[in-house]
Amino acid sequence: MIGRNEAKEIETQLLSLEPPLLSVYADVDPSNPDNKGGSWRIRVKNALKDIAEIHERTKHRPSLYDQVVSLIEEERPAAKTMALFATQNKLGKTFLQRVDLNVSLPVVDVTHGRVDVRYGEPWIQPLLYAFDEYQHAAALHIQGAEWRLFEFFLGEFEEIDNVFAEVDKQVWKELVEAAEFIRSGRLAEKAEPDLSGSNKDPWAQKSHHWRRKLYKRLVLLVEKALAARGIDRLVILGAHPEAAMVASLFSRQFHDNIVAILPNPSDGNDIDIKKLRELVLPALEEAERRGEMELLDQIREGRGPQGLEAVIEEIQFGRVDVVALPIRCDATIWHCPKVGLYGGTREAAEKYCTDPVEVRLSDHIFALADNFGTRIEFMDGEAAERLSTEFGGIAGQRRW
């Protein structure tokens, strides 16, 4: 799994590279019929054939092309997108980095089963976008005395170790009793006090103590782990009464990040990892789509700019906080290279220069957004369709 630290290391390496750099993005998703039999490798090789510089070889070292081909031939776990970067200096020192991701990247042609190959200026922005924008999420599995926390990032997940290391055996023993009591349904019973003021149900008396001493203590440890990793979405899995109680004990900051409470993915204490993934990933995907639709509602209510010409202009005036784009973006805009400004149409760009150049929006949106402090939100599915039909294919949320 690519964790936050590894992503940062890859980013640091890539940002230190100077041109010329070979940048390759390819759809490698085995579920895509176009990739049957690993045919994506043939498409990558074909795309590399016309780049003469990478075919140069000497007596003492193979060509950059040979090394890249060797890297793409490596068998790796199934992924959706491959990003590959390679360069070789005059001394023959080679840099090679292949990154396999379980998510689609907002690059033209990748989602159509093709490849995107560049040689020259580094084309690393789509990968850095994925590192920065794909939210870190977690799944908390609750089963009696078995509490386990899993981190999800870029379509992959792994267990976070030692979250509950400081909890002693006696606490876990009491936790089992509390869990059994909660699942029994007795917690919901309203115990009436007798004339002496005591509670007739001793189990009900203990419920408050259990909630605060046991569950709250564990919840605080979970919150600590989430904060340390910058995790901003949480799914809780377990028997509903128990899981719902645990959810209620999170502080407001973290409670707002709980996107779903799901059933236990296994019958016993051993987690069915495959089922865990099958339950959690769709819930996270649904939360993402829900967030996209909410953003479009906010843009509509705030009368944000819509359509290429209006949005590009408003970004460059510093008025757009978030720009919404479909993940499959084929639009073009007009660029004035000498002044570094853009227009959604040729006429709009001619306000800045006399000879604007037509360019792909997807090639320049990262730099454009970065220059003016605008965040990019790529949309898929229903939100992308709505963006196209209601907003002219692109829209922005105003800063004020």
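**Reading helix packing in a predicted model**

Modeller: In this predicted model, the axes of helix α2 (residues 40-48) and helix α3 (residues 64-72) come within 11 Å and cross at roughly 170 degrees.

Colleague: How are α2 and α3 oriented to each other, roughly parallel or roughly antiparallel?

Modeller: The general idea is to compare the angle with a cut-off: angles over 145 degrees count as roughly antiparallel. At roughly 170 degrees, α2 and α3 are therefore roughly antiparallel to each other. Their crossing is right-handed.

Colleague: Which residues make the contact between α2 and α3?

Modeller: Helix α2 contributes Trp40, Arg41, Val44, Lys45 and Leu48, while Tyr65, Val68, Val69 and Ile72 come from α3. Sorted by class, the contact of α2 with α3 has seven nonpolar residues, two charged ones and no polar ones.

Colleague: What is the angle between helix α9 and helix α13?

Modeller: Helix α9 (residues 273-301) and helix α13 (residues 381-391) pack at about 20 degrees, and their axes are 9 Å apart. The general idea again rests on a cut-off, since angles under 35 degrees count as roughly parallel. The helices α9 and α13 are therefore roughly parallel to each other, and α9 passes α13 in a right-handed crossing.

Colleague: Which residues of α9 and α13 make the contact?

Modeller: On α9 they are Glu292, Met293, Leu296, Asp297, Ile299 and Arg300. On α13 they are Glu382, Ala383, Arg386, Leu387, Glu390 and Phe391. By class, the contact of α9 with α13 divides into six nonpolar and six charged residues, with no polar ones.

Colleague: Which residues of helix α10 are buried?

Modeller: The general idea is that a residue is called buried when its relative accessible area is under 20%. In α10 (residues 308-316), Val311, Ile312, Glu314, Ile315 and Gln316 are buried.

Colleague: How many helices and strands does the chain have?

Modeller: The secondary structure comes to 13 helices and 15 strands. Of the 400 residues in the chain, 49% are buried. The chain exposes about 20,500 Å², of which carbon and sulfur atoms supply 48%.

Colleague: What share of the contacts with a separation of 6 or more joins residues 24 or more positions apart?

Modeller: Such residues account for 71% of those contacts in the chain.

Note on methods:
Residues are numbered from 1 along each chain as its sequence is written. This is a predicted model: local features need pLDDT of at least 70, side-chain atom pairs count only at pLDDT 80 or more; totals for chains, interfaces and linings use all residues. Side-chain values use heavy atoms; hydrogens and water are left out. Helices (H or I, at least four residues) and strands (E, at least two) are DSSP runs, numbered from the N terminus. Buried means under 20% relative accessible area, exposed over 50%, partly exposed in between (1.4 Å probe, protein chains only). Contact means heavy atoms within 4.5 Å. Accessible areas come from the Shrake-Rupley method with a 1.4 Å probe; for residues, only the protein chains shown count as cover. Axes are lines fitted to C-alpha atoms, for helices over the stretch in contact, and angles run from 0 to 180 degrees between N-to-C directions. Angles under 35 degrees count as roughly parallel, over 145 as roughly antiparallel, 65 to 115 as roughly perpendicular and the rest as oblique. A crossing is left-handed if the near helix is turned anticlockwise from the far one by less than a right angle, and right-handed if clockwise. Ala, Val, Leu, Ile, Met, Phe, Trp, Tyr, Cys and Pro count as nonpolar, Asp, Glu, Lys and Arg as charged, and the others, Gly among them, as polar.
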